[in-house]
Amino acid sequence: MKITLLIPTLNEIEGMKQVMPKIKKEWVDQILIVDGHSTDGTVEYAREQGYSVILQKNKGIRHAYIEAIEHIEGDVVITFSPDGNSIPELILPLIEKMKQGQDMVIVSRYAKGAKSYDDDLITSFGNWMFTSLINLFYGAKYTDAMVMFRAWRKEIFINLDLDKEESYIMEEKIFRTKIGVEPLLSVRAAKRKLKCADIPGDEPVRIGGERKLQVLRWGAAYLMQTFKEVFYWH
Ligand SMILES: Nc1nc2c(ncn2[C@@H]2O[C@H](COP(=O)(O)OP(=O)(O)OP(=O)(O)O)[C@@H](O)[C@H]2O)c(=O)[nH]1
Ligand SMILES: [Mg+2]
């Protein structure tokens with residue numbers, strides 16, 4: 001099983017400098033950084049350290065994933081946030097769990113024994129609400145349907161049509177934003193009854209930089225998406 005660590009960056013120089021040295025290159029087969037045109041030296045730092053970096057063409061975090069797909073050499077992709085929210089030491093147990101034959105393993109902030117130190121009242125409520133709705137509508141048993149830090153078989157991204165514009169375009173047009181892939185990945189994996197598991201993993205606070213998540217706009221778009229999927233895409 002070949003593993004690719006996929007790291008999206010947009011002005012994360014401080015996080016990158018603290019977090020990347022904690023990732024041992026031998027843990028995975030490929031480390032790929034997808035940058036959204038950082039202006040704070042993130043790309044220069046990453047290239048100096050010898051990492052492969054691609055620059056995304058279209059704006060928005062989901063395009064970072066979609067455009068990365070053709071560069072991914074692994075059978076399994078681990079998405080990792082270098083802003084301090086993802087704990088590097090959990091990469092190995094995450095891979096171990098994937099090796100038990102899962103399609104997706106989520107590093108859950110809300111599984112027993114884990115905690116988010118980055119949540120505020122709104123994000124903690126939002127994450128709980130979306131996870132509960134997705135479990136209720138789609139018969140899933142997620143404890144954290146929203147987090148970026150997770151591993152999945154590359155194949156499922158394509159099989160679930162997550163690389164297609166039409167999977168997101170309606171809610172993005174209505175709420176005039178570009179959303180992430182995690183909620184839809186969780187929803188469609190449940191619809192297809194893929195094998196999903198989680199491991200507990202704390203979410204430490206963000207290191208430097210700025211949050212790009214647009215809490216209310218994305219919340220609204222994700223809410224529409226979560227309901228829409230009941231009728232759309234089978
Ligand atoms: N390539 C790329 N990376 C992005 C984009 N938006 C966010 N990122 C990166 O994705 C990672 C997670 O983004 P965050 O802004 O922290 O979003 P979040 O984790 O939901 O929000 P926080 O509550 O601040 O942690 C960070 O490394 C960001 O720099 C984008 O449009 N393109
Ligand atoms: Mg973050």
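Which strands and which helix each supply at least two residues of the shell around ligand 1? They are strand S1 (3–9), strand S2 (30–35) and helix H3 (61–68), where helices (H or I, at least four residues) and strands (E, at least two) are DSSP runs numbered from the N terminus. This is a predicted model, so local features need pLDDT of at least 70 and side-chain atom pairs count only at pLDDT 80 or more, while totals for chains, interfaces and linings use all residues. Residues are numbered from 1 along each chain as written, chains are lettered from A and ligands numbered from 1 in written order, and side-chain values use heavy atoms, with hydrogens and water left out.

**Around ligand 1**
- Ligand 1 has 21 residues around it, and Glu12, Gln56, Asp83, Asn85 and Arg206 come nearest (a residue is near if one of its heavy atoms lies within 4 Å).
- Sorted by class, that shell holds eight nonpolar, six polar and seven charged residues; here Ala, Val, Leu, Ile, Met, Phe, Trp, Tyr, Cys and Pro count as nonpolar, Asp, Glu, Lys and Arg as charged, and the others, Gly among them, as polar.
- Gln56 puts a side-chain N or O atom 2.6 Å from a nitrogen atom of the ligand.
- On the ligand's oxygen side of things, a polar side-chain atom of Asp118 lies 3.2 Å from an oxygen atom, and an N or O atom in the side chain of Arg211 is 2.9 Å from an oxygen atom.
- The protein covers 87% of the 620 Å² of accessible area that ligand 1 has on its own (Shrake-Rupley method, 1.4 Å probe).

**The magnesium ion**
- Ligand 2 is a magnesium ion, and its protein donors are Asp83 (OD) and Asn85 (OD1), at 1.9 to 2.0 Å.
- Donors are N, O and S atoms within 2.8 Å of the metal (3.2 Å for Na, K and Ca), and water is not among the atoms, so the site may look incomplete.
- Both Asp83 and Asn85 are buried (under 20% relative accessible area; exposed is over 50%, partly exposed in between; 1.4 Å probe, protein chains only).

**Asn127**
- Asn127 sits in helix H5 (residues 121–138) and is buried, at 10% relative accessible area.
- Its side chain makes a polar contact with the side chain of Tyr110 (2.8 Å); within protein, that is a pair of N or O atoms within 3.5 Å, one able to donate a hydrogen and the other to accept it, and residues adjacent in sequence count only if both atoms are side-chain atoms.
- Beyond its neighbours within four places in sequence, Asn127 is in contact (heavy atoms within 4.5 Å) with Arg109, Tyr110, Asp119 and Met146.
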